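Biologist: Please place the model before us. Let us then discuss it by question and answer.

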Amino acid sequence: MRVPLLAALALAAAAPLRAQDLATPGTVAAVTGAEFRAYRFAEGFPTRRITQYAAPLAVAVPVGPRFRLDLAASYALTNASTDSARASLEKFTDAQVRASYVFGKDAVVASVMANLPTGPDKLDPTGFRAASAVASNFLLFPINTYSTGFGITGGLAAVIPAGRWNVGLSGSVRWNDRYEPRNDGASYRPGVEGRGRLAVDHLVGRSRLTLGVTVSTFGNDQFSGAGTVNGAYTPGTRVIGEASLAAPVGSGSMTVYAWNFYRASGSSDPALALPANKENVVSVGSAFSFPLGRRVSLDPLVEGRYWSPESGSGWLAGAGVGLRVGVGNRGAVVPSLRVDAGKVKLPSASSYSVTGFGGSVIFRYNL
């Protein structure tokens, strides 16, 4: 069956919309809810506590059997505290609007996505510190980017059957306009991003094996304006490798997964004096779903994550549980909780413990 792989490729071809995975294809669906995430670091770490509250909203509207419109945005409150100060940011994020069209018999999908600059710009130093605190590939915040300015992404994805395998290819190009992230007169224009993805899936007995790799390359980012040194920065290539195996377990199901995110170190004009930012994140885990009744399922998960930046390191071990509760024939409520514990080692070789706690309640309704 090509539909699951094609849907995954279509999401990869353009930036993913929040709560997109909860929208049901072929129906008008609205998704909203509340999410919370907090991390506390041991005494001596530069940041002692980071918390975030977020309210996502996503709407999916099919227009005929082949065309679909999606809209998504969030409202988020972020607090980052040291021993002596606190930085806060409470704003809407950028909104994303995407149109997609399926060609043939679920074989090719084209998409165009616009990132609308409804999020904050020209942040004061306090707001900028709060936004920077959640811009992490290691920690699990609902929102890790409030705003990237106006941008357009066009993508194309296709799936080709090859014997008992499905082979999928997707590609996209993203262009962003210049914007001002801080209120000191500095402006920033991200370089053009090109993204390609190859994925395959295959039935192994009653299980489904999926493998994928995504590669992103970037043009030069441009810094200019008052309050900063003018210059160009070339982001390093980013590669994401993924593998998952979904299998039935009794009356339920289990998915074992692993992924690796690698970012090569970028290069910049010497005048910018930007730090090296090579990074690698490895995550392995398993998610389960067990029916407790006709409309209720229990969804536990366990996950481990290791972070290796240019210098220092970190690891987290987490566990969580969720419920999926059907409401009538059209709605669902999905509450969940998660805890994490681990350590972060700074370039100075000092290690600090970190604990995390989070929860969410997501509501979905199909019209």
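Biologist: With which residue does the side chain of Arg208 meet in a salt bridge?

Modeller: In this predicted model, local features need pLDDT of at least 70, side-chain atom pairs count only at pLDDT 80 or more, and totals for chains, interfaces and linings use all residues. Residues are numbered from 1 along each chain as its sequence is written, and side-chain values use heavy atoms, with hydrogens and water left out. A salt bridge here requires a side-chain nitrogen of Lys or Arg within 4 Å of a carboxyl oxygen of Asp or Glu. At 2.9 Å from N to O, the partner of Arg208 is Asp201.

Biologist: Which member of that pair counts as buried?

Modeller: Buried means under 20% relative accessible area, exposed means over 50%, and partly exposed lies in between (1.4 Å probe, protein chains only). Arg208 is partly exposed because its relative accessibility is 22%. With a value of 2%, the buried member is Asp201.

Biologist: Glu193 and Arg195 also form a salt bridge. Which of these two is partly exposed?

Modeller: Their side chains meet at 3.2 Å, N to O. Glu193 has 7% relative accessibility and therefore counts as buried. The residue at 24%, which is therefore partly exposed, is Arg195.

Biologist: How many residues apart in sequence are the parts tied together by Glu279 and Arg263?

Modeller: The closest N and O atoms of this salt bridge are 3.0 Å apart. Strands are DSSP runs of E with at least two residues, helices are runs of H or I with at least four, and both are numbered from the N terminus. Glu279 lies in strand S17 and Arg263 in strand S15, so the distance in sequence between the parts they tie together is 16 residues.

Biologist: What is the relative accessibility of Arg263?

Modeller: Glu279 is buried, since its relative accessibility is 6%. Arg263 also counts as buried, because its value is 17%.

Biologist: How many salt bridges does the structure hold?

Modeller: In general, side chains of opposite charge can pair when their charged atoms come close. Arg37, Glu303, Arg305, Arg338 and Asp340 are linked in a network of such bridges. The number of salt bridges in the structure is 16.

Biologist: How many bridges join S17 to S18?

Modeller: Two strands pair if DSSP finds at least two bridges between them. S17 (residues 279-291) runs antiparallel to S15 (residues 252-263), with Thr255 opposite Ala287. On its S18 side, S17 leads through a four-residue hairpin, and Glu279 has Pro309 as its bridge partner. S17 and S18 (residues 296-309) are antiparallel, and the number of bridges joining them is 11.

Biologist: Is Thr93, in the loop between strands S4 and S5, buried or exposed?

Modeller: The loop that holds Thr93 lies between S4 (86-92) and S5 (95-103). Contact means heavy atoms within 4.5 Å. Beyond its neighbours within four places in sequence, Thr93 is in contact with Ala73, Ser74, Thr118, Gly119, Ile143 and Tyr146. Because its relative accessibility is 6%, Thr93 counts as buried.

Biologist: How many residues are in the largest nonpolar core?

Modeller: Such a core is a set of buried Ala, Val, Leu, Ile, Met, Phe, Trp, Tyr and Cys residues joined through side-chain atoms within 4.5 Å. Tyr39, Phe41, Ile50, Leu139 and Val344 touch the most other members of the largest one, to which strands S1 (29-41) and S21 (351-366) each supply at least two residues. Leu139 has contacts with Tyr39, Phe41 and Leu316, leaving aside its neighbours within four places in sequence. The number of residues in this core is 18.

Biologist: What area does the nonpolar surface patch have?

Modeller: Patches consist of residues with over 30% relative accessible area and no salt bridge, like charges being joined within 9 Å and nonpolar side chains (Val, Leu, Ile, Met, Phe, Trp, Tyr) within 5 Å. Accessible areas come from the Shrake-Rupley method with a 1.4 Å probe, and for residues only the protein chains shown count as cover. Trp175, one of the patch members, lies in strand S8 and is partly exposed because its relative accessible area is 37%. Together with residues including Leu71, Val97 and Phe150, Trp175 makes a patch of about 690 Å².
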